[in-house]
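Open the model in your viewer and keep the selection tool at hand. We will go from stop to stop, with a word at each on what to select and what is there.

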Amino acid sequence: MSQDRQYLGPNTSKYMGLLISRNLLRLISFIFYVFFIWTVVTKYHSVFLAGMIPAFSMLGYLLVLIPEGHILDTRSRSRTIFISVAALTVTYATLFGFDSLFDIYAVDLVSSALTWIISDSFHSLTKEMVPDEHLQKAISTNQMATGVDDIVGILVGGLFIYIGMFFMVATLVSVSLLSLYLARPRFRSNPGGEKTSFRGVFSIIRKMYPFMVIGFVLNGLFIAIDVYSSGLIYMIYGYPPLYYMLFLLGFPVGVLLGGIIVMKLHGKINEPVAVGLGILIVGTLMSVIPFNSIVAVDPFLTASMGVVASIVNIAIGTIIIRAVPNELTGRFNAFATIFFAGGSPLMAVVFSALAGLVYFPYVMSVAGLVAAILCIPGYLSVKGMKWQVAAETQESTVS
């Protein structure tokens, strides 16, 4: 905690309260995700219906992106978090009375939108509260916390597959209420967006669009893992929920390890190399997983993907957060996410539909190979983006 105080200053307790609140909500969103993807694929024996859960999850976020960005830059971000958590609690509570496939999709859509708003608000506050020289450390800490959340969420979500839906929903609501208490507004954030326009956002996007386009394609390809994982374990290999849980568990364990590695190598990571090599490794592993029949190996493969993905995310996040002024953070995130995440719901539907036409392990493998090929343009685009950020920082320092 003493190290935290060095880069969070007097707002340490308030910031940590929001950090815990945000990560509790990530945890229960994973519980929801794991529980219902497995439930749908086993109840309806359909990869397509299960694949619609990640599709609706991303669609929910895309629907609120533009108004969300404006709100985060012109209103109190801490108050936005509190209101969103309250709405999320009510949304999860509706599952007590409704459990049809339509109800599951509806809650998925709304809850994902609210969870993303909360997460984006928190990231905007990170830019506002943490000094520039400690941003990589703060982002690494958040990445490690995310890994812990996902690990616990997968374990608990897998456990509820055996216990039942009522106790799962009760847990979602209870944890949401705890998060609501932790997120209560204890200070007024100051985005200062009243005097800014979207022109500055477009200026930043023009400098970053090559990588943003690559991110659009990559995220669309990588969603195949979410779409096909339950079908791969249940329909192809015939394993019980425990193996599905272990398969999912590997990735967040890797994310946690990746965050620790970045903390140890603070300031020593070459971002373009990390991104280019990381895309190559993750894509290659993704192409191998569908044809690995030794289920005990899968968690190690997904853990390796998690380590690399964590390092890549921290590298990219550090460059972007330094390049974007605080007063434009919310709106930039809104537009950037259309590129970074916009391909995910579209490709989730495509991959789900292809499962009924083509042997879907083949589709997943080809998607991984295509992603791996993008390592070179990924490296070049991040190298150019980092150069521009460094040049502008030096220019502003001189002036």
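Start by selecting helix 14, which has 14 residues and reaches 20 Å from its first C-alpha to its last. That is close to the 20 Å expected at 1.5 Å a residue, where the expected span is 1.5 Å times one less than the number of residues. Helices here are DSSP runs (H or I, at least four residues; strands are E, at least two), numbered from the N terminus. The buried residues of helix 14 are Phe360, Pro361, Val363, Met364, Ser365, Ala367, Gly368, Ala371 and Ala372. Buried means under 20% relative accessible area, with exposed over 50% and partly exposed in between (1.4 Å probe, protein chains only).

A word on what you are viewing: this is a predicted model, in which local features need pLDDT of at least 70 and side-chain atom pairs count only at pLDDT 80 or more, while totals for chains, interfaces and linings use all residues. Residues are numbered from 1 along each chain as its sequence is written, and side-chain values use heavy atoms, with hydrogens and water left out.

The axes are lines fitted to C-alpha atoms over the stretch in contact, and angles run from 0 to 180 degrees between N-to-C directions.

Show side chains next. From helix 10, pick Ile279, Leu280, Gly283, Thr284, Met286 and Ser287; from helix 14, pick Met364, Ser365, Ala367, Gly368, Leu369, Ala371 and Ala372. These residues make the contact, which means heavy atoms within 4.5 Å. They divide into eight nonpolar, five polar and no charged. Ala, Val, Leu, Ile, Met, Phe, Trp, Tyr, Cys and Pro count as nonpolar, Asp, Glu, Lys and Arg as charged, and the others, Gly among them, as polar.

Move on to alanine 315, in helix 11 (residues 298-323). Is alanine 315 buried or exposed? It is buried, with a relative accessible area of 3%. Alanine 315 touches Glu271 and Val275, leaving aside residues up to four places away in sequence.

The next pair is helix 4 (residues 77-93) and helix 7 (residues 165-182), whose axes come within 9 Å and cross at roughly 165°. Helix 4 is therefore roughly antiparallel to helix 7. To see the contact, select Phe82, Val85, Ala86, Thr89, Tyr92 and Ala93 of helix 4 with Val169, Leu172, Val173, Ser176, Leu177, Ser179 and Leu180 of helix 7. This set holds 10 nonpolar, three polar and no charged residues.

Stay on helix 4 for serine 84, which is buried at a relative accessible area of 7%. Serine 84 touches Leu114, Ile117 and Ile118, again not counting residues up to four places away.

Finally, zoom out to the whole chain, with 15 helices and zero strands. Of its 399 residues, 55% count as buried.

Definitions and conventions
Angles under 35 degrees count as roughly parallel, over 145 as roughly antiparallel, 65 to 115 as roughly perpendicular and the rest as oblique.
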